[in-house]
Amino acid sequence: DAAPEVVEDRPGNGVSEDSVEDPWVLVERYKGAAELFAADLANLRRRTEDKIVRARHNERITRLEGLAGVFDALNRSLQQVGDPQSAWYKGNLALLGVVRTEMDRAGARPLGQIGDVFDPRIHEAIGAVHVPDKDPGTIVHVDQVGFQLPGGELVRPARVVVVADVD
């Protein structure tokens with residue numbers, strides 16, 4: 001076995017004081033790179049958290065739209081049955097109560113009551129009728145109840161018939 005060759009610091013061997021970098025310069029260079037990496041990681045984390053919040057919100061809206069559909073179906077079925085004393089009617093009424101409770105728990109409040117004034121931000125007019133003793137823009141029929149979240153975001157607008165302007 002041959003012993004490793006020892007390189008001495010002497011002229012002509014390629015090792016000089018100028019070719020060895022100052023360790024503090026290296027520390028600062030790597031420290032700067034680490035700070036940039038940490039900032040990039042923080043930005044990625046923030047963007048990912050924002051995407052998660054938006055996805056959860058979109059899922060919440062989708063679920064509330066589904067519950068609103070069940071709400072509509074139960075309302076329509078209750079309007080079609082003539083005997084409010086029947087077990088079928090009472091069962092559907094109880095189911096409607098459960099759906100209303102879930103919508104309330106989610107913060108979705110119903111929109112569109114007969115007598116309300118039409119607001120295009122929360123109502124969709126599906127028709128207009130002339131009613132002599134009512135003010136124009138008054139809601140006279142609610143085809144589909146709308147729902148709104150706290151802060152004003154619509155789950156869906158209320159579909160209504162309003163009193164037409166006589167002009």
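Tutor: Start with the cut-offs: buried means under 20% relative accessible area, exposed means over 50%, and partly exposed is in between. Keep in mind that this is a predicted model.

Student: Why is Arg63 called exposed?
Tutor: Arg63 has 59% relative accessibility. The cut-off for exposed is over 50%, so Arg63 counts as exposed.

Student: What makes Glu59 partly exposed?
Tutor: Its relative accessible area is 36%.

Student: Where do Glu59 and Arg63 lie?
Tutor: Both are in helix 1, 4 residues apart, about one turn of the helix.

Student: What makes the pair Arg105 and Glu102 a salt bridge?
Tutor: The N to O distance is 3.7 Å. The limit is 4 Å, so Arg105 and Glu102 form a salt bridge.

Student: Why are Arg105 and Glu102 separated by about one helical turn?
Tutor: Because they are 3 residues apart in helix 2, residues 87–105.

Student: Why is Arg105 called exposed, and why is Glu102 called partly exposed?
Tutor: Arg105 has a relative accessible area of 66%, and exposed means over 50%. Glu102 has 31% relative accessibility, which falls in the range between 20% and 50%. So Arg105 is exposed, and Glu102 is partly exposed.

Student: What makes Asp119 and Arg121 a salt bridge?
Tutor: Their side chains meet at 2.8 Å, N to O.

Student: How many salt bridges does the structure hold?
Tutor: It holds 4.

Student: Why is Leu78 called buried?
Tutor: Leu78, in helix 1, has 8% relative accessibility. The cut-off is under 20%, so Leu78 counts as buried.

Student: Which residues is Leu78 in contact with, leaving aside neighbours within four places in sequence?
Tutor: Tyr89, Asn92, Leu93 and Leu96. Contact means heavy atoms within 4.5 Å. The C-alpha atoms of Leu78 and Asn92 are 7.0 Å apart, and the two residues are 14 apart in sequence.

Student: What makes Leu67 partly exposed?
Tutor: Leu67 is in helix 1 too. Its relative accessible area is 26%. That lies between 20% and 50%, so Leu67 is partly exposed.

Student: Which residues does Leu67 touch, not counting residues up to four places away in sequence?
Tutor: Val99, Glu102 and Met103. Leu67 and Val99 are 32 residues apart in sequence and 6.7 Å apart in space, C-alpha to C-alpha. Glu102 is also the salt-bridge partner of Arg105.

Student: Why is Ala128 called exposed?
Tutor: Ala128 is in strand 2, residues 123–129. Its relative accessible area is 53%. Exposed means over 50%, so Ala128 is exposed.

Student: What does Ala128 touch, not counting residues up to four places away in sequence?
Tutor: Val161, Val162 and Ala164. The C-alpha atoms of Ala128 and Val163 are separated by 5.5 Å, and these residues are 35 apart along the chain.

Student: Why is Phe37 called exposed?
Tutor: Phe37 lies in helix 1. Its relative accessible area is 57%, over the 50% cut-off, so Phe37 is exposed. With Leu41 and Leu44, Phe37 makes a nonpolar surface patch of about 300 Å².

Student: Which residues form the positive surface patch?
Tutor: Arg46, Arg47, Lys51 and Arg54. Arg46 is in helix 1, residues 23–80. At 45% relative accessibility, Arg46 counts as partly exposed.

Student: How many helices and strands are there in the chain?
Tutor: There are 2 helices and 6 strands. From the N terminus, the order is α-α-β-β-β-β-β-β. Of the 167 residues, 22% are buried.

Conventions
Residues numbered from 1 in each chain as written. Predicted model: local features only at pLDDT ≥ 70, side-chain atom pairs only at ≥ 80, totals over all residues. Heavy atoms only, no water. Patch = residues over 30% accessible without salt bridge, like charges linked within 9 Å, V, L, I, M, F, W, Y side chains within 5 Å. Areas by Shrake-Rupley, 256 points an atom, 1.4 Å probe, with all protein chains shown as cover. Lys, Arg positive; Asp, Glu negative; His and termini not counted. Charge placed at Lys NZ, Arg CZ, Asp CG, Glu CD. Buried < 20%, exposed > 50% of the residue type's maximum accessible area, 1.4 Å probe, protein only.
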